[in-house]
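Dear colleague,

Please find below the structure that I am handing over to you. My notes on it follow directly after.

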Amino acid sequence: MQPTIFHKIIAGEIPADIVYDTDEVLGFKDIHPQAPTHILFIAKLEKDFVSSIIDITDQTAHVPTKLIQAAKDFASEKGITGYQLKFHCGKDGGQEVFFLHLHFLSQQSL
Ligand code: AMP
């Protein structure tokens with residue numbers, strides 16, 4: 001499999017505006033924001049890699065929860081009280097980058 005743009009962000013090969021970073025999850029600003037705050041959350045560990053919700057298996061079923069927990073912690077840290085969380089699932093669901101990511105959208109600014 002070819003590395004995606006998000007693999008390259010984790011590897012530090014291309015820049016990203018990182019706003020959340022733990023051992024397991026990275027959050028960075030979407031390059032084409034659809035809301036005043038638009039963050040993408042991805043899992044950093046190789047064992048947690050899955051391309052899409054559509055490809056989740058028993059081994060990776062915990063990953064969406066990890067991303068949701070990170071988004072919730074991020075909102076709490078930043079004092080954001082309302083937001084939307086979205087997964088684009090598959091090409092027909094509008095997914096363009098095949099590295100599972102959670103969109104965090106809020107009308108509240110950082
Ligand atoms: P999706 O349609 O769910 O696959 O969304 C992929 C998202 O990644 C889009 O909202 C893009 O704007 C965003 N994106 C693509 N390349 C980058 C990048 N280098 N840095 C930040 N966001 C990106």
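In which strand is the place of Val 19? Val 19 belongs to strand S1, residues 18-21; strands (E, at least two residues) and helices (H or I, at least four) are DSSP runs, numbered from the N terminus.

Please note that this is a predicted model, in which local features need pLDDT of at least 70 and side-chain atom pairs count only at pLDDT 80 or more, while totals for chains, interfaces and linings use all residues. Residues are numbered from 1 along each chain as its sequence is written, and side-chain values use heavy atoms, with hydrogens and water left out.

Surroundings of Val 19

Neighbours within four places in sequence aside, Val 19 is in contact (heavy atoms within 4.5 Å) with Gly 27, Phe 28, Lys 29, Ile 39, Phe 74, Lys 78 and Leu 110. His 32 is 13 residues from Val 19 along the chain, and their C-alpha atoms are separated by 16 Å.

Aromatic pairs

The structure holds nine aromatic pairs. Rings of Phe, Tyr and Trp (its six-membered ring) pair if their centres lie within 6.5 Å; planes under 30 degrees apart count as stacked, over 60 as edge-to-face and the rest as tilted.

Because Phe 41 lies in strand S3 (residues 37-43) and Phe 104 in strand S5 (residues 102-106), the pair ties together parts that are 63 residues apart in sequence. Phe 41 is buried, with a relative accessible area of 0%, and for Phe 104 the value is 0%. One aromatic cluster consists of Tyr 20, Phe 41, Phe 74, Tyr 83 and Phe 104.

The ligand

A polar side-chain atom of His 88 lies 2.8 Å from an oxygen atom of the ligand. A polar backbone atom of Val 97 is 2.8 Å from a ligand oxygen atom, and a polar backbone atom of Ile 31 is 3.1 Å from a ligand nitrogen atom.

Yours sincerely

Notes:
Buried < 20%, exposed > 50% of the residue type's maximum accessible area, 1.4 Å probe, protein only. Polar contact = N/O pair within 3.5 Å; in protein donor to acceptor, adjacent residues only side chain to side chain.
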